Amino acid sequence: MTKLSLTINGRRVSADIDSRTLLVDFLRNNQRLTGTHVGCDTSQCGACTVHLDGRSVKSCAVLAASCEGADVMTIEGLADGTTLHPMQAAFREHHALQCGFCTPGMIMAGVDIVNRNGSQVDEATIRKELEGNICRCTGYHNIVRAIESGAAAMAGTKIAAE
Amino acid sequence: MTDQGIGASVKRVEDLRFITGKGQYVDDINRHGQTYAVFARSPVAHATIKNIDVSEALASPGVLGVYTGADLAADKIGGLICGWMIHSKDGSPMKAGAHPALAQGKVRYVGDHVAVVIAETLDQAKDAAGLIQVDYGELPAVVDVGSAQAAGKAQIHDEAPNNTVYQWHLGDKDATDAAFAKAAHVTKLDIVNNRLVPNAMEPRAAIGDFDPGQDQFTLYTTSQNPHVARLVLSAFIGIAPEHKLRVIAPDVGGGFGSKIFIYAEETVCIWASKKVGRPVKWVAERTEAFLADAHGRDHVTTAELALDASGKILALRANTKANLGAYLSTFASSVPTYLYAPLLSGQYDIPAIYCEVDGVYTTTTPVDAYRGAGRPEATFVVERLLEVAARQTGRDPAEFRRQNFIKSFPHQTPVIMAYDAGDYAASLDKALEMADYKGLAARKAESARKGKLRGLGFSAYIEACGIAPSRAVGSLGAGVGLWESAEIRVNPVGTIEVLTGSHSHGQGHETTFAQVISSKLGVPIEQVSIVHGDTDKVQMGMGTYGSRSGAVGASAIVKAAEKIVAKGKRVAAACMEVPEDSVDFENGEFLGRGTNKKMTFGEVALQAYVAHKFDPELIEPGLKEGSFYDPKNFTFPSGVHIAEVEIDPETGHTRIDRWTAVDDFGILINPMIVEGQVHGGIAQGVGQAMLEHTVYDENGQLITGSFMDYAMPRADDVPSYNVSMTTTPCPSNPLGVKGCGEAGAIAAPPALINAITDALGHEEIAMPATPQAVWRAAQKSVRKQAAE
């Protein structure tokens, strides 16, 4: 067993874990944060995407034990209380989800795309950057629209915060 | 309430839980004392099982039980069933082999279920499954559907000589042959409709939970139709009688057909929960899903179209071999027969059609319904024939289609279907305009200047969905009725719970069904809850597939709502002291005609439960009504999709430059959701046409068994879609709606292949048109043009 301490969604967490535990299994089974999903076994689908120290990662490809001291954000931590994150709101506004299974990973990836590419990120960049996230329902059209819209809204939020 | 009623693009009610990570999928549910199941699967395609030694696995840490087919047989657990009887053309019933949930004596595909381990933890179950020793007597694999029936091939099931399940036909052979004999032109195509893996993003999962105190089983499962699952598990497989078996399908992460079926894993989990006395959970890994979820399509077809000298279609003839895999899955037999051949008339007035279909066993994963189910295969045949015939006879493909469109309704085709309504020219005209068809020549010239090849392809599809009238499908061999149920429970304060037998796994029923209630009962959707997916709450239902939830499920809600209004009028009349026949219901209010008396919906609901103001011998207290709705006909959505591509002949890369879709789904309940369904369908069709391919080697090993090897469409593989609608209301249901769930997947593949072959100078290409295949065809086309 390995002792692990980290921050998840702003909360300090400590646990004894099997050293081979994947971050996604730690989140789902140990922390009961089941918004992070497992859609494949080859790190291809992106349903398990979370933010690790501010960057999106596939939590099925990260050992929990490697996250000592890290800051992890999951879909459950994205909203500010009952106020949705602009990207969450944009996904609903643009009907960017159907079954909802890929959605947490898509939203976490979307936020990261905007963080890295800015609020003016264009469609071609969004489509290229979504390479690691598979959706079987939406045909991506509305996901792209939502990330464009969420990007603009995130810029607005930043200005409001400043 | 019109801003929330039928026709409004209301934002989805269900989204809030999904975008905040609070959905409840089966794998998010954990039961107290839960154990874990792992299946030992066959590593070979075809073998007798000489011996299974589970002793080492049983002794492994944490193991609670290891079971094989012999244990299921000892408990008299029946095999999995196929619920649609097909008769061959000689009148004999289809020849189906047994389909045990755990193999008995033989394995028939890689991934076939040999044994199950139940252990305290998932890792312990996995470790133990690896210790099961199976002595296989290997037999030759039978992989190729084209040669599976040949003499000398290994026999997969003793019951099915020559690996042939049925030799079925539909249509008038003599009339069709006679029409071909006098044709001025015949177009002939050899078509392979490639095998696909559905790959809903949520893998299948199940939790079996037996409560000995109540002698009650509960199954949590990823199902599109929990009541059908209960019926089959109870009446055929024999787990428990229906009143002792509860099936819950909570949030389900996509289905596309693959979660209709009653599979081995769910069956074993529910059965094993009683054996070990603990809840048993199983969650498919994606690799397991590739092996064990029913696949789709996989037809090999020769098809011909006969024209007269004026371009009028005289007849269509098709001969299809359909790969059914190693066992008959739940509805496998119906997909290449009654869901396929009756669609071969497309949007066209074709006087004679004849189709022969051989259903064939192979040592591969079972094949069953996948988004469209038979109709994409038919549409691919029809729309490729039309396109190639137009090219061969020098006709404009749009005008050739228009010339042959059915122009008056109702229209009886020669292959069962009676189309009730449509306006095919309206969709074509709108699509031509949106796609700027007139500008195509200039765009082709511009692409040529850049060294690129540009092509445009049409697909004028029709589908039969909203499946279906029970008597009609019963006469064709279905083992079930295909009505739908609804129950409306009005609470004393006027809030409403709607219990529906439909199941939402992405379709947004919690929104659209509430919109129907809002329109019919005049209440805001915030006062409405849609309840589905639990056999203890909803009495009975047939579930969601075949684009039936709007046409059948929502129609049942309309019928129940009409009964609520009728009962409400009687209560209101008594309360307002006016005659029953003088009460009108408008915008959520009961009005005494010719008086100034009125009551709100909530007031009437309260009075129905208070029951102070009416005679209980004349009016029963309470406000709850139900309906079982059985449609008069299928619905017949139609439309025109136009794909335009630009190909780089040096790399074979195909860029989809624009996609135009004009669909006629009748009345739309929520246009935003309908457009989303079209988008998703197109992407799956693009996947089939350009990316997705299921490959077995000659030994029956699945080569494309993960997302590393099987090319799922990703965001940069598909374009933005230009989607629009035309509207001819469906006359066969009270809402005037048609199904929209499968249209995109039906329309897209021929549109794209027609576009690619147009760009390639009419050089034929098979699906999927991968860059390598396109490059080869482009080089051939360039050489041919140089030679000319």
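Author: First, a term: a residue is buried if 20 or more other C-beta atoms lie within 10 Å of its own. Also, this is a predicted model.

Reader: Which residues of H7(B) are buried?
Author: H7(B) is mostly covered. Ten of its 13 residues are buried. The list runs B:Ala264, B:Glu265, B:Glu266, B:Thr267, B:Val268, B:Cys269, B:Ile270, B:Trp271, B:Ala272 and B:Ser273.

Reader: Why should helix H7 of chain B span 18 Å?
Author: Helix H7 covers residues 264–276 of chain B, which is 13 residues.

Reader: How far apart do the C-alpha centres of domain 1 and domain 2 of chain A lie?
Author: Chain A is divided into domain 1 (2–77) and domain 2 (86–161). Their C-alpha centres are separated by 21 Å.

Reader: Which elements of domain 1 of chain A give two or more residues to the side that touches domain 2 of chain A?
Author: The contact takes 16 residues from domain 1 and eleven residues from domain 2 of chain A. On the domain 1 side, five are nonpolar, nine polar and two charged. The elements are strand S3 (49–52) and strand S4 (55–58) of chain A.

Reader: Which element gives the most to the side of chain B that touches chain A?
Author: Here 42 residues of chain B are in contact with 43 residues of chain A. Helices H1 (15–19), H8 (286–292) and H17 (671–691) of chain B each give two or more residues. With seven residues, the top contributor is H17(B).

Definitions and conventions. Residues are numbered from 1 along each chain as its sequence is written. Chains are lettered from A and ligands numbered from 1 in the order in which they are written. This is a predicted model: local features need pLDDT of at least 70, side-chain atom pairs count only at pLDDT 80 or more; totals for chains, interfaces and linings use all residues. Helices (H or I, at least four residues) and strands (E, at least two) are DSSP runs, numbered from the N terminus. The expected span of a helix is 1.5 Å times one less than its number of residues. A residue is buried if 20 or more other C-beta atoms lie within 10 Å of its own, exposed if 12 or fewer, and partly exposed in between; C-beta atoms are placed from the backbone. Domain bounds come from an automatic or database domain assignment. Two residues are in contact if their C-beta atoms, placed from the backbone, lie within 7 Å. Ala, Val, Leu, Ile, Met, Phe, Trp, Tyr, Cys and Pro count as nonpolar, Asp, Glu, Lys and Arg as charged, and the others, Gly among them, as polar.
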